[in-house]
Amino acid sequence: ISVTAQTDGTAVLITPRGNEGPVRVTLAGQIAGTNDGAEVEYMYETTAQVLSLRPTSGSVAGGSRITVVGRGFTASDMHCRFSGVSDSTQAAVAYLSDRAVICIAPQAALAGSSVIDVSINGGFDF
């Protein structure tokens, strides 16, 4: 595991590839006030994958319902983000299944392309 100490006393850990589910991590040294040998739980989650969008265009006025088809979607903590629109605004999302969600497109200042990102962990990672 790669570890980078932060100035606020915390550390950033880069995890290796793992299987879905919880793992115990033992901390060595003083990290964020923990004692040497302290254990914490880390949860490996399925990675969401976007396969297609329907429709592939909409009005700059916003409000278009975009069905995002993919894999690994979860009923809680789903977020959609449209890049190039109001500083990458997070949009309303409705969970349909582990293979489909609906994102409501926000208003855009100009017509053009936008990347739609989906997060399954509350918008922490896209």
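This is a predicted model: local features need pLDDT of at least 70, side-chain atom pairs count only at pLDDT 80 or more; totals for chains, interfaces and linings use all residues.
Residues are counted from 1 along each chain as its sequence is written. Local features need pLDDT of at least 70, side-chain atom pairs count only at pLDDT 80 or more, totals for chains, interfaces and linings use all residues, and side-chain values rest on heavy atoms, with hydrogens and water left out.

Start with the four-stranded sheet, which is open, antiparallel in its pairing and ordered β5-β6-β10-β9. Strands here are DSSP runs of E, at least two residues long, numbered from the N terminus, and two of them pair if DSSP finds at least two bridges between them. The edges go to β5 (49-54) and β9 (93-97), each of which pairs on one side only. From one strand to the next the twist averages 25 degrees, taken between axes that are lines fitted to C-alpha atoms, with angles running from 0 to 180 degrees between N-to-C directions. Five bridges join β5 to β6 (residues 65-71) in the antiparallel sense, and L53 has V68 of β6 as its bridge partner.

The other sheet is open too, with three antiparallel strands in the order β8-β7-β11. Because β8 (90-91) and β11 each have a single partner strand, one side of each is left without a neighbour in the sheet. Two bridges hold the antiparallel pairing of β7 and β8, with C80 standing opposite A91 in β8.

As for salt bridges (a side-chain nitrogen of Lys or Arg within 4 Å of a carboxyl oxygen of Asp or Glu), the count comes to one. That one joins R81 and D117 at 3.1 Å, N to O. It links distant parts of the chain, 36 residues apart: R81 sits in β7 (residues 79-82) and D117 in β11 (residues 116-119).
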